[in-house]
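Thanks for coming. I will go through one structure, a piece at a time, and you can follow along on the screen.

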Amino acid sequence: MADLAKPVRIGIEGVSYSLTHVPDLVRYGSKPLRELQARPELKEQLSKRLRNFAAATAYAPHQVYIGNITPEQLAEVAKPWYEKLIEGATPQGRFGDLVDQTQCYALLAGADQFDLVAFEDRWFGEHGARHAIGRAPRLRSGQEIQSLCDKGALPLYDGDAVVGAFEPGHSEDANLVAEVLLENLASKVTAAHSLRLALRALQLQAEDIDFVISCSEEAVGDRYNRGGGNLAKAIAEEVGCVNASGCDTKAFCAGPMYAMVHGASLIQSGIAKKVAVVAGGSLAKLGMKFESHLKKNMPVLEDMLGSFAAILSPAQPNQPSIRLDSVAFHPVGAGASPQAMAEYLAEKPLAKLGMKLTDVDRYGVELHNPEITVPSGSGDVPRTNYLTLAALAVMRGQIQKSQMEDFVRRRGMVGYAPTQGHIPSAIVYLGHALDHLRAGRIRQALLIAKGSLFLGRMTQLSDGCSFLVDRNEA
Amino acid sequence: MQKGKKIIAIGERDGVPGPVIAECLEGAGYEVVFQATECFV
């Protein structure tokens, strides 16, 4: 019981979130890229079902993501959410913002150190220039852009018009083809954008950051070091964190939770004083379920790149914090069933703190937006996860079976994150959790993320990581 | 009746994983020719 008297807390100064709306990059998501090659007739159907920025902004789950409405308020919004748009919604939110495609293109141009991306000069002058940041963009005539595309560059569209070209980084290396480099650069600029937002919101200077951990989903590297990584340092450089170094943390969708634990541990050990944990968006996942959305005559809802940045430092009084003594991992020997996950990521770590499943005010789990996943038959992922926790509470005699729905309603929430893999996996809830902790609406929240390691064909195992966040009342 | 019947078992990360389905079916006499776990998100 001695451990119960010694909570180990690391402060969470804040977290920022951003969603980047890139309808004309959906075609370069892994699934659309393959399907459109096999069935070119889908191109027209896809283009008709892409949303404009106003519709993406007024989409209720996105307003939850950037902090303008709460998950509880979203539960009260009638479905389909893509038809019940929020009147008066703005792209600026309490947690961050929504970025449109033009600004995204300008960010790509400004962050390109290898002459990969070029834009049509007149288009950029009229649209992109007002968002220009960083390096001067490479501008070319329309004819030159077309010529680059004819030679193998990836065309960048604004609606039907080709307005830019993304060139390969090497003539032979499959890891440096234009599709891969676009994915990597998109991840870099969206992560950098969220980090800038976090620094601004917290009135910090980029120079204050000691260390940056990226848990983005790309694989930066060349043919001799595929997935070699350290996008973190590229992001740190992009934002001007001149005193920081960094490295990446990879664990499929559970990456952000491990990154938070690693960042907190660097602070606990005294190695760093202020750590930024960041992730950019996953371009590969754009349009992952677009065929289902087309079949259901819905908008193609996977048109957003999600990103976030959290700033960690030594815990201050009353500050929301990570309980390092609550951290749990899914051990190899645990087995991959959802029940084993719930035992090892919730029940056991809570028991270590002297808590039961019913002592947790709110659980943040896999918070995928069900409006994206249900049409493709993937189900309501958050609800499945909450029911698993509730069922475990029944098995342990903490609630009656008849109370399962009440458990889900009181301690869970509806999913609101785009299917960006790492982003929905619990970390998306941190912003609202911090708000609720500061307001005293909850005493603590347990964040639980899972990772599908088996997808990489190296193990049949799943994985997971969890930790409790509470307010430092010590 | 199930003895010798060939089965493809596809499990799901948030549901029942492939190896668990395979183990149950093999115990019941089926021949599992392929099993995998998928993540649908």
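Start with A:N297, which sits in the loop between α12 (290–295) and β10 (304–314) of chain A. Before going on, keep in mind that this is a predicted model. What is phi of A:N297, a residue other than glycine? It is near 55°, a positive value. Buried or exposed: which is A:N297? There are 7 other C-beta atoms within 10 Å, and a residue with 12 or fewer counts as exposed, so A:N297 is exposed.

A:R457 is not a glycine either, yet its phi is positive, about 65°. You will find A:R457 in the loop between β13 (444–451) and β14 (463–471) of chain A. A:R457 has 8 C-beta neighbours inside 10 Å and therefore counts as exposed.

The peptide bond running from A:K79 to A:P80 is cis, and its omega is near 0°. A:P80 belongs to the loop between α5 (71–75) and β2 (96–99) of chain A.

Now to a sheet in chain A. In what order do the 4 strands of this open sheet come? The order is β4-β3-β6-β5, and the pairing is mixed. The edges are taken by β4 (138–140) and β5 (154–158) of chain A. Each of these two has a single partner strand, so one side of each has no neighbour in the sheet. On average, and ignoring direction, neighbouring strands of this sheet are turned by 35° against each other.

Look at one pair within the sheet. β5(A) and β6(A) are antiparallel and are joined over 5 bridges. A:P155 has A:A165, in β6(A), as its bridge partner.

Two helices go with these strands. Helix α7 (residues 121–128) of chain A packs on the sheet and touches β3 (117–120), β4, β5 and β6 of chain A. The direction of α7 makes about 85° with that of β3(A). Helix α8 (residues 142–150) of chain A lies across β3, β4, β5 and β6 of chain A, and it runs at about 60° to β6(A).

Stay with A:A165 for a moment. A:A165 is in strand β6 (residues 161–166) of chain A. Is A:A165 buried or exposed? The count is 26 other C-beta atoms within 10 Å, and the threshold for buried is 20 or more, so A:A165 is buried. Leaving out residues up to four places away in sequence, A:A165 touches A:A118, A:I145, A:L148, A:C149, A:A153, A:L154, A:P155 and A:L156. Take A:C149 from that list. A:C149 and A:A165 are 16 residues apart along the chain, and their C-alpha atoms are separated by 6.2 Å.

Next, a pair of helices. In general, two packed helices are described by the angle between their axes and the distance between the axes. For α15(A) and helix α16 (residues 404–411) of chain A, the axes come within 9 Å and cross at roughly 125°. The two helices are therefore oblique to each other. The crossing of α15(A) past α16(A) is right-handed. Which residues make this contact? From α15(A) they are A:R383, A:Y386, A:L387, A:A390, A:A391, A:A393 and A:V394, and from α16(A) they are A:M404, A:F407 and A:V408. By class, the residues in this contact are 9 nonpolar, no polar and 1 charged.

Chain B has 1 helix and 2 strands, and along the sequence they follow the pattern β-α-β. The C-alpha trace of chain B spans about 35 × 15 × 10 Å along its principal axes. Of the 41 residues in chain B, 29% are buried. Among contacts in chain B with a separation of 6 or more, 51% are between residues 24 or more positions apart.

Terms used
Residues numbered from 1 in each chain as written. Chains lettered and ligands numbered in written order. Predicted model: local features only at pLDDT ≥ 70, side-chain atom pairs only at ≥ 80, totals over all residues. Axes fitted to C-alpha atoms, helices over the stretch in contact; angles between N-to-C directions. Parallel < 35°, antiparallel > 145°, perpendicular 65-115°, else oblique. Left-handed = near helix turned anticlockwise from the far one by under 90°. Contact = placed C-beta atoms within 7 Å. Nonpolar A, V, L, I, M, F, W, Y, C, P; charged D, E, K, R; others polar. Pairing = 2+ DSSP bridges.
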